[in-house]
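Trainee: Could you walk me through reading a model like this one? I'd like the general idea each time, then the case at hand.

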Amino acid sequence: MAISSFAQIRRDLHQIPEPGFQEVKTQKYLLDYLEKLPQERLQIKLWRTGILVKIAGTAPKRTIAWRTDMDGLPIVEETSYPFRSLHEGYMHACGHDMHMAIALGLLTHFVQNPIADDLLFLFQPAEEGPGGALPMMEGEEFASWRPDCIFALHIAPEYPVGHIATKPGILFANTSELFVDLVGKGGHAAFPHKANDMVVAGSHLVTQLQSVIARNIDPLDSAVITVGKIEGGTKQNIIAERARLEGTIRTFSMESMALVKGRIESLVKGIEAGFECSATIDYGCGYCQVYNNEQLTNDFMDWVQHECNDVTLVHCKEAMTGEDFGYFLTEIPGFLFWLGVQTPYGLHHAKIEPNEDAIEVAIHLVSRYFTWLSKQS
Ligand SMILES: CC(=O)N[C@@H](CCC[C@H](N)C(=O)O)C(=O)O
């Protein structure tokens, strides 16, 4: 069966996943594509490994923006695809390849069918970390093309193709990365009393961290601490002098974030005292929540409900995912919605295979929405 050109673009991008701020091949691929489009209405600016593209409207009163992320994740791909990642140890496992193909599809549509308003397409690096949205917003390139409203989507493995989901207000959580380094005293496996084992200390800490959510967060509030990676030691018969825990914290309020961090700091001090080691905490990068503008989101949801009988709208709950798109929404009204790509494996899974039919669903939906929105002012 023939696949659409944007599904093919997604496959090409799927093969070249790159970490945040190293999206060099991705940027080149996108630029090569943009170069082939009719240029009359297009203006292009580069920002680090990202790209900003403006399409001049026919009678602009404002600028409507669409943002896609670009980076991949450090995952060894285990899909059944013949177009698996060519970058050993990296994979587009969060759908940014789908997001970019959709953005190019939309951009192409509007180059061919311009609307009254100006359109701005943001290809933003480093969503998975250390965060490209905030520095991109602070850059002169964005400031000089600052949009009046901004929108984005994220693929959702749990919804069927043709379904979208969103809600007004908070959609995604506040996040903070978490890195804890423990340093003790290494030694011979047979003489534990002469050493100070950081594998044991780190294991205690991982277990204690679970109590913060269970015993310090109001049960009617929500928070997550996930330790996704532990490193420690050098060999099975050497007591580990060092251990490192890498994780992430998620909360729905900054008060809960401060509370969780305070409790983590106390527990880490306890580990230092209890295991006679030294510890350092680094919170890495943090993202603010994704808070959907209530008016725009409600209007969009009404519009989908009444005008798009090919799309099923789900009124979803908020999720503990993070997205630096939230920074754009702190200053510019807009929203993010989930796009159903039904697949049994979740985001960040080595076997995730999003259904590519969702690419055309998104292009068709958002192109109609922007055309409608442009007529509303
Ligand atoms: C949509 C999504 O999966 N986003 C990421 C954002 C990660 C932020 C940061 N690196 C962290 O781990 O806290 C997510 O994991 O939710």
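Predicted model: local features only at pLDDT ≥ 70, side-chain atom pairs only at ≥ 80, totals over all residues.

Trainee: Where does UniProt place the feature "active site"?

Mentor: UniProt positions are given in the numbering used here, feature names are shortened, and annotations may be inferred rather than shown by experiment. The unreviewed UniProt entry puts "active site" at Asp-69 and Glu-128. They are spread over 60 residues of sequence, yet they cluster in space, with a largest C-alpha distance of 8.8 Å.

Trainee: Is Asp-69 buried or exposed?

Mentor: Count C-beta atoms, placed from the backbone: a residue is buried if 20 or more others lie within 10 Å of its own, exposed if 12 or fewer, and partly exposed in between. Asp-69 counts as buried because it has 28 C-beta neighbours inside 10 Å. Glu-128 has 22, so it counts as buried too.

Trainee: Which elements hold Asp-69 and Glu-128?

Mentor: Helices (H or I, at least four residues) and strands (E, at least two) are DSSP runs, numbered from the N terminus. Asp-69 belongs to strand 3 (residues 63-69), while Glu-128 sits in the loop between strand 4 (118-124) and helix 4 (133-138).

Trainee: And what do they touch?

Mentor: Contact means that two C-beta atoms, placed from the backbone, lie within 7 Å. Setting aside neighbours within four places in sequence, Asp-69 is in contact with His-96, His-99, Gln-124 and Glu-127. On that basis, Glu-128 touches Gly-20, Asp-71, Leu-73 and Cys-94.

Trainee: How do I check a helix, say helix 7?

Mentor: Start with its span, expected to be 1.5 Å times one less than its number of residues. The 22 residues of helix 7 (residues 254-275) should span 32 Å, and the end C-alpha atoms are 31 Å apart, which agrees.

Trainee: Which residues of helix 7 are buried?

Mentor: An α-helix has 3.6 residues a turn, so residues three or four places apart point the same way. In helix 7 the buried ones are Ser-256, Met-257, Val-260, Ile-264 and Ile-271. They cover an arc (of directions from the helix axis to the C-beta atoms) of only 100 degrees, so they are on the same side of helix 7. Exposed residues on the other side include Glu-255, Glu-265 and Lys-269.

Trainee: And the cores?

Mentor: In soluble globular proteins, nonpolar side chains tend to be buried together. A nonpolar core is a set of buried Ala, Val, Leu, Ile, Met, Phe, Trp, Tyr and Cys residues joined through C-beta atoms within 7 Å. The largest has 66 residues, of which Ala-101, Ala-103, Phe-121, Leu-339 and Ala-362 touch the most other members. Apart from it lies another core, of 21 residues, including Ile-271 and Val-180.

Terms used: Residues numbered from 1 in each chain as written.
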